[in-house]
Amino acid sequence: TVLANIVLHGKVGKEMTMPPMEAQLNDEQIATVLTYIRQNWGVRASAVDVETVSQVRQATRDRIKPWTEEELQKLLKK
């Protein structure tokens, strides 16, 4: 779900900045992109389903700024 958060809302940091894509991509498109990333970066995990992306979008719908590395690290620990 961290990757879904990054694609939806973007990320800012010293090493990387990614713009938010929530307005440009629907949940199915994001799930497809995240599945592609998983499969082509050697991660042995199942495909990302649309419902997961929908849940992340709904849970973070009020977010107006990109994620920071510190915030994402906290999400990983949950």
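Guide: Let us look at the second largest pocket, whose lining consists of K11, V12, G13, K14, E15, M16, T68, E69 and E70. A pocket here is an open set of points on a 1 Å grid over the protein atoms alone, where a 1.4 Å probe fits and protein lies on both sides within 12 Å along at least five of seven lines, and a lining residue has an atom within 4 Å of a point. This is a predicted model, in which local features need pLDDT of at least 70 and side-chain atom pairs need 80 or more, while totals for chains, interfaces and linings use all residues. Residues are numbered from 1 along each chain as its sequence is written, and side-chain values use heavy atoms, with hydrogens and water left out.

The second largest pocket holds about 160 Å³ of space, a volume being the space filled by probe spheres set on grid points joined across faces, edges and corners. Strand β1 (11-12) and helix α4 (69-77) each give at least two residues to its lining; helices (H or I, at least four residues) and strands (E, at least two) are DSSP runs numbered from the N terminus. By class, five of the lining residues are charged (Asp, Glu, Lys or Arg), two are nonpolar (Ala, Val, Leu, Ile, Met, Phe, Trp, Tyr, Cys or Pro) and two are polar (the others, Gly among them).

For comparison, the largest pocket has about 220 Å³ of space, and 13 residues line it, with T1, L3, L34, R38 and V48 nearest its centre. There, α1 (2-9) and α2 (27-40) each supply at least two lining residues, and the lining is made up of nine nonpolar, two polar and two charged residues.

Helix α1 also contains H9, which counts as buried because its relative accessibility is 3% (buried means under 20%, with a 1.4 Å probe and protein chains only). Leaving aside residues up to four places away in sequence, H9 touches P20, E22, T60, R63, K65, P66 and W67 (heavy atoms within 4.5 Å).

Stepping back, the protein chain has four helices and two strands, which follow one another in the pattern α-β-α-α-β-α. Its C-alpha atoms fill a box of roughly 30 × 25 × 25 Å along the principal axes, and buried residues make up 28% of its 78 residues.

Conventions. Buried means under 20% relative accessible area, exposed over 50%, partly exposed in between (1.4 Å probe, protein chains only).
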